[in-house]
Amino acid sequence: MSEHVLRVTDLETSFTRDKKEIKILRGVNFAIRKGEILGLVGESGSGKSLTSLSIMQLFHGTTGKIVNGSIHFNGEDLTKMSESAIRKIRGKQMAMIFQEPMTSLNPVLKIGKQLMEAIEMHLKLPKNESRHHAIQMLKNVGIGRAEEIIYEYPHQLSGGMRQRVMIAMAMACHPNLLIADEPTTALDVTIQAQILELMKKLKEENETAILLITHDLGVVAEMCDRVVVMYAGQVVEEADVFELFASPKHPYTQGLIASVPKIGDNKEILDSINGQVPSPQNMPNGCKFAPRCNQAMSVCHEESPPTVNISTTRQCSCWLYATKDVKVNA
């Protein structure tokens, strides 16, 4: 568990709009070890999905680009690799389950063709074996009539079925790193449990590192070893999953966990965090969460907080801890 499959360091990603460069990700840092599941959580607009797209280098047809930082995968910096070199890695060593399967599957190609394309390219299997492997992968994700599905088109499947096809495609080549962006959003609870169990099995059998992006803190508690909390394009807290839920440190993390309904609560109105994530074009000064924070001090509105090592297993970017006797990362 000591080998880092992925290490993201000081990652900054921007987009150009009206000839103006707008920074979205701001100094993102985290690492994933072999055989570890790292949860990436935060509200919509926090930068979670863009972080995954940056790792996969999927900016074709957009103005997006990485402007600073490094992304080391198996010891090699992806930001310095050519597109052709990264293409050989995608799908085989590093795969992604996308949040919207209908926009990710090719509407004019049959399901089997799309599954077999990656299998034939990366595993070098003959056509008959590729078809058998594709059918088996569909069965693994809970598709019963897999032999028929391979001859159907994406529009003939339900949203949940399409999502399961995407998961089968991502897992087909047994990648070293699996990035799962809301992998169970369109699935009912029975299939969700099956998919999560399948991801656990992949992790255990192949020591696959998994970056799990989700809004569901229940899934995080069930699946993850460690958790990274993002807000406004930055990492605000990182901790072991048990530590995070037992004692969240950042006010934003505290708000997220407090907003989850609990069995036995008799509240008529659920707890919530006032306000919303700021737009990249109109970021506040100082701490980006300060305008929504009920513990904000004057310094929070003036200067960005440093990243503080609260312990050997957790970090937090908050002035509440920077003023105490703890180590501050330069």
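A: Let us begin with burial: a residue is buried under 20% relative accessible area, exposed over 50%, and partly exposed in between, with a 1.4 Å probe and protein chains only. Helices (H or I, at least four residues) and strands (E, at least two) are DSSP runs, numbered from the N terminus. This is a predicted model, in which local features need pLDDT of at least 70, side-chain atom pairs count only at pLDDT 80 or more, and totals for chains, interfaces and linings use all residues. Residues are numbered from 1 along each chain as its sequence is written, and side-chain values use heavy atoms, with hydrogens and water left out.

Q: How many residues of strand β3 are buried?

A: In β3 (residues 37–41), 5 of the 5 residues are buried, so the strand is largely enclosed by the rest of the structure. Ile37, Gly39 and Val41 form one covered side, and Leu38 and Leu40 the other.

Q: What is the case for helix α1?

A: Helix α1 (residues 48–56) is mostly covered, with 7 of its 9 residues buried. Among them are Lys48, Leu50 and Met56. Just after this helix, Gln57 has a positive phi of about 60°.

Q: Which strands pair with β7?

A: Strand β6 (residues 94–97) is joined to β7 by 4 bridges, and the two run parallel. Met96 has Ile179 of β7 as its bridge partner. Strand β7 also pairs with β8 in the parallel sense, over 5 bridges, and Ala180 stands opposite Leu212 there.

Q: What is the order of strands in the open sheet?

A: The open sheet has 4 strands in the order β2-β1-β4-β5, with antiparallel pairing. Its edge strands are β2 (20–33) and β5, each of which pairs on one side only. Within the sheet, β1 (residues 4–17) and β4 (residues 65–73) are paired over 7 bridges, and Ser14 has Lys65 of β4 as its bridge partner.

Q: How many residues lie between β4 and β5 in their hairpin?

A: The hairpin has 2 residues between β4 and β5, and Asn74 in the turn takes a positive phi of about 50°. Strand β5 (residues 76–77) is antiparallel to β4, with 2 bridges joining them. The bridge partner of Phe73 is Glu76.

Q: What is meant by a nonpolar core, and which residues have the most contacts inside the largest one?

A: A nonpolar core is a set of buried Ala, Val, Leu, Ile, Met, Phe, Trp, Tyr and Cys residues joined through side-chain atoms within 4.5 Å. The largest such core here has 69 residues, and Leu138, Leu178, Met199 and Leu212 have the most contacts inside it. Helix α7 (residues 159–171) gives the most to this core, with 7 residues. Apart from this core lies another, of 32 residues, including Ile55 and Val228.

Q: How is the crossing of helices α4 and α5 described?

A: Axes are lines fitted to C-alpha atoms, for helices over the stretch in contact, and angles run from 0 to 180 degrees between N-to-C directions. The axes of α4 (residues 111–123) and α5 (residues 127–140) come within 9 Å and cross at roughly 120°. That makes α4 oblique to α5, since angles under 35 degrees count as roughly parallel, over 145 as roughly antiparallel, 65 to 115 as roughly perpendicular and the rest as oblique.

Q: Which residues of α4 and α5 meet?

A: Contact means heavy atoms within 4.5 Å. Residues of α4 including Leu115 and Ile119 meet residues of α5 including Ala134 and Leu138.

Conventions
Two strands pair if DSSP finds at least two bridges between them.
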